[in-house]
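Open the structure in your viewer and keep the selection tool at hand. The stops below say what to select and what is there.

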Protein chains: 2
Amino acid sequence: MHRTRIRIVEDALDANDTIARANRDDFDRAGVVVVNFMSAPGAGKTTLLERVVGELDGVRVGVLEGDVQGSLDAERLASFHVPVVQLNTGEGFGGECHLDANMVRTAIPALPLDDLDLLVVENVGNLVCPAEFRIGEDHRVMVSSVTEGEDKPLKYPLMFRACDLVLVNKIDLLPHLEFDLQKFLHNLDAVHPGVERRLVSARTGEGIGEWREWLLRAAAREPAIA
Amino acid sequence: MHRTRIRIVEDALDANDTIARANRDDFDRAGVVVVNFMSAPGAGKTTLLERVVGELDGVRVGVLEGDVQGSLDAERLASFHVPVVQLNTGEGFGGECHLDANMVRTAIPALPLDDLDLLVVENVGNLVCPAEFRIGEDHRVMVSSVTEGEDKPLKYPLMFRACDLVLVNKIDLLPHLEFDLQKFLHNLDAVHPGVERRLVSARTGEGIGEWREWLLRAAAREPAIA
């Protein structure tokens with residue numbers, strides 16, 4: 001008697017995870033550490049990169065710039081003479097509000113991977129979907145600016161949970177806001193206990209040295225200091 | 001001879017538009033004007049509603065509060081003794097980053113439509129996808145806060161184009177920012193020439209009278225003053 005045997009594949013990967021693993025393999029072969037850099041629109045991702053990309057001594061950095069359309073941020077970063085590739089979700093990807101592994105995969109041939117130690121992928125400004133799609137990264141870093149309010153970790157917990165590092169930006173504005181920093185940090189610890197965080201101001205330079213140090217350690221595959 | 005006749009349906013509606021029309025019919029039957037209220041996370045939607053919902057003389061207002069999860073904003077607004085219904089995209093809708101017509105349709109039975117003149121639907125904080133889904137609204141209003149930078153209309157043009165009114169919020173912070181208001185307004189006019197705009201500060205109350213006036217006129221179905 002024949003019996004049809006059905007093999008149950010446990011923990012099957014979805015298409016995105018499958019492609020993320022392929023990206024991961026390519027990055028590993030080239031020895032590139034990849035940071036998926038995320039935030040709400042206008043939180044300061046590009047400015048925080050401008051502050052450090054020219055000063056990562058000995059680390060060859062490249063940027064993959066994700067936007068729905070346009071290349072404003074890519075142009076800003078290219079002026080620092082680092083390789084920048086623009087990935088637009090509006091052309092060919094239906095105007096998606098996030099990057100996914102497949103979009104990043106289409107950009108890999110345009111990236112000089114063998115000449116890089118560190119690749120920062122600046123995701124589309126959005127606190128929801130970017131956290132749902134792995135792209136083959138080593139680290140996920142997010143920026144939360146103090147002008148956005150203390151409640152953001154509670155309203156977008158997946159994003160805050162998904163990260164290895166939270167940059168709390170625009171702290172130069174604290175004297176002019178009713179933002180309660182302790183309350184924000186309490187909310188952050190409620191959704192992601194003990195996650196690394198740095199208080200920074202892209203504008204005044206406060207905390208930028210620590211952000212640079214974090215990137216240097218990540219590029220060297222050294223454990224971060226909490 | 002038989003010929004198969006294929007009828008071409010021009011301008012076929014997608015499922016979202018079909019449901020948006022059904023919502024629209026329900027709102028019209030009840031005589032409710034609906035505002036779809038959108039912005040990036042932390043731009044100040046809820047605070048801008050808190051400033052006006054208690055002072056819309058003669059207009060019975062309700063709020064449909066959209067969030068991925070939680071009910072923080074709904075609780076804030078309920079304290080003004082207006083009907084508030086919470087719609088979470090995280091439960092049953094896969095954690096969507098926007099409201100669509102079907103989600104709003106599921107909330108309609110919970111809304112006291114016959115007792116309302118104006119319904120404000122506070123969308124999920126996101127500058128991309130909320131602009132792509134009509135929900136059966138009369139108006140689309142967005143908030144862009146000056147802390148987000150002058151480039152936002154160029155980076156998220158669909159959102160800025162989709163709106164009848166742009167509230168430029170947090171103008172009390174202008175003295176502390178390098179934000180160039182003229183440049184922002186130039187970018188806004190580049191993507192949506194002449195769109196109505198109001199400069200407001202939810203914190204100091206500046207411009208809030210005009211925002212209230214806009215809502216009163218919308219509720220009365222009077223044309224707006226540019």
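Two strands count as paired if DSSP finds at least two bridges between them. Keep in mind throughout that this is a predicted model.

**Stop 1: the sheet of chain B**

Select strand 2 (residues 61-67) and strand 3 of chain B. They pair in the parallel sense, over five bridges. To look at one of these bridges, pick Asp67(B); its partner in strand 3 of chain B is Asn88(B).

Now widen the selection to the whole sheet. In what order do the seven strands of chain B stand? The order is 3-2-4-1-5-6-7, in an open sheet with parallel pairing. Strand 3 (84-88) and strand 7 (196-199) of chain B each have a single partner strand, so one side of each is left without a neighbour in the sheet. These two strands stand at the edges. From one strand to the next, the twist averages 20°.

**Stop 2: a helix across the sheet**

**Stop 3: helix 7 of chain A**

Go to chain A and select residues 181-191, which form helix 7. Its buried residues are Leu181(A), Phe184(A), Leu185(A), Asn187(A), Leu188(A) and Val191(A). Turn the view to look down the axis of helix 7 of chain A: the buried residues fall within an arc of 160°, so they line one face of the helix.

What do the buried residues of helix 7 of chain A pack against? Their partners in chain A are strand 5 (139-145), helix 5 (152-155), helix 6 (157-162), strand 6 (165-169) and strand 7 (196-199). Turn to the other side of helix 7 of chain A, where Gln182(A), His186(A) and Ala190(A) are exposed.

At the N-terminal end of this helix, select Asp180(A), which caps it. A side-chain oxygen of Asp180(A) lies 3.1 Å from the backbone nitrogen of Gln182(A).

**Stop 4: the cysteines**

How many disulfides are there over all chains? The count is zero, with a cut-off of 2.5 Å between cysteine sulfur atoms. For Cys163(A), the nearest cysteine sulfur is that of Cys129(A), 15 Å away. Cys163(A) has 2% relative accessibility and so counts as buried.

Last, select Cys129(B) and Cys97(A). Their sulfurs are 3.5 Å apart, too far for a bond. Cys129(B) also counts as buried, at 7% relative accessibility.

Key:
Residues numbered from 1 in each chain as written. Chains lettered and ligands numbered in written order. Predicted model: local features only at pLDDT ≥ 70, side-chain atom pairs only at ≥ 80, totals over all residues. Heavy atoms only, no water. Buried < 20%, exposed > 50% of the residue type's maximum accessible area, 1.4 Å probe, protein only. Helix = DSSP H or I, 4+ residues; strand = E, 2+ residues; numbered from the N terminus. Arc of directions from axis to C-beta. Contact = heavy atoms within 4.5 Å. Polar contact = N/O pair within 3.5 Å; in protein donor to acceptor, adjacent residues only side chain to side chain. Axes fitted to C-alpha atoms, helices over the stretch in contact; angles between N-to-C directions.
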